[in-house]
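Here is a report on one protein chain. Have the sequence and the model open while you read.

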Amino acid sequence: MRTCRAATAGKLTAVLATLVLALAACGGGPSPRAWAASVCEALTPWRAEINKLTSSTQQQMTAQTTPAQAKENLVRLFAGAEDASETARRKIDQAGVPETEHGEEISTRFQASLGKVRDAYGRARDTIDGLGTGEATAFYDGVRTAVETLNKEYDASALDTSRLDSEELRQAFDEVPECR
């Protein structure tokens, strides 16, 4: 009798484990509204940081500093933008996959876009870090080229949220307070 009960308990445990795994695979992601709120909570401080860094970069480009000072400041600014972009990308990853049609693809596109932005800032930082500061004109020409490349890469990485493959998510982004 004991053997029969143990075998039955073992089978029941296996069936329950399979059921739990199947249910987990079938969904359980955040609702479109919850996901949109998480995304906007990740992007709001990122946008503020990028705006601040952009303004600082523009000021740096016109400031009366030595090329060495400008280089140090610009490298720090672009490293900050790179870090802010990675932080936002990680937060979107942590938000999970929205419980909607094409949710995995949409989440992946958001993360990929921020990854491209992060990488663009990293390349700009590396380019400026590699510039010599002995000749001011050559240095600032190099900075201008690096910033132009950054702007092109940044524009190319933009995610068009109007093209989301989910009406539920489009509506959620329009409605949740975190996205306003």
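This is a predicted model: local features need pLDDT of at least 70, side-chain atom pairs count only at pLDDT 80 or more; totals for chains, interfaces and linings use all residues.

Residues are numbered from 1 along each chain as its sequence is written, and side-chain values use heavy atoms, with hydrogens and water left out.

**The chain as a whole**

The protein chain has 6 helices and 0 strands. Its elements run α-α-α-α-α-α from the N terminus. Helices (H or I, at least four residues) and strands (E, at least two) are DSSP runs, numbered from the N terminus. The chain holds 180 residues, and 34% of them count as buried. Buried means under 20% relative accessible area, exposed means over 50%, and partly exposed lies in between (1.4 Å probe, protein chains only). Take the contacts in the chain with a separation of 6 or more: residues 24 or more positions apart account for 80% of them. A contact means heavy atoms within 4.5 Å.

**H2 against H3**

Helix H2 covers residues 32–62. Helix H3 covers residues 67–94. How far apart are the axes of H2 and H3, and at what angle do the helices pack? The axes are 9 Å apart, and the angle is about 175°. Axes are lines fitted to C-alpha atoms, for helices over the stretch in contact, and angles run from 0 to 180 degrees between N-to-C directions. H2 and H3 are therefore roughly antiparallel to each other. That term applies to angles over 145 degrees; under 35 counts as roughly parallel, 65 to 115 as roughly perpendicular, and the rest as oblique. The residues of this contact divide into 16 nonpolar, 7 polar and 2 charged. Here Ala, Val, Leu, Ile, Met, Phe, Trp, Tyr, Cys and Pro count as nonpolar, Asp, Glu, Lys and Arg as charged, and the others, Gly among them, as polar.

Leu53 lies in H2. Leu53 is buried, with a relative accessible area of 8%. Leaving aside residues up to four places away in sequence, Leu53 touches Leu77, Gly80 and Ala81. Asn51 is also found in H2, but it counts as exposed at 54% relative accessibility.

| Pair | Apart in sequence | C-alpha to C-alpha |
|---|---|---|
| Leu53 and Ala79 | 26 residues | 10.0 Å |
| Asn51 and Ala81 | 30 residues | 9.6 Å |
| Arg170 and Ala36 | 134 residues | 8.8 Å |

Arg170 is partly exposed, with a relative accessible area of 27%.

**Inside H3**

Two polar side chains stand out for a look. Asn73 has its place in H3 and counts as buried at 19% relative accessibility. A polar contact of 2.6 Å joins the side chains of Asn73 and Arg76. Glu86 is buried, with a relative accessible area of 17%. Its side chain makes a polar contact of 2.8 Å with the side chain of Arg89. A polar contact is a pair of N or O atoms within 3.5 Å; within protein, one must be able to donate a hydrogen and the other to accept it, and residues adjacent in sequence count only if both atoms are side-chain atoms.

**From H3 to H4**

Gly96 follows H3 and has a positive phi, near 90°. His102 is found in the loop between H3 and H4. His102 is not a glycine, yet its phi is positive, about 65°. Most residues other than glycine have a negative phi. At 36% relative accessibility, His102 counts as partly exposed.

**H4 against H5**

Helix H4 (residues 103–129) and helix H5 (residues 136–157) have axes that come within 9 Å and cross at roughly 175°. H4 and H5 are therefore roughly antiparallel to each other. The residues of their contact divide into 9 nonpolar, 3 polar and 3 charged. On the H4 side they include Val117, Tyr121 and Arg123. On the H5 side they include Leu150, Glu153 and Tyr154.
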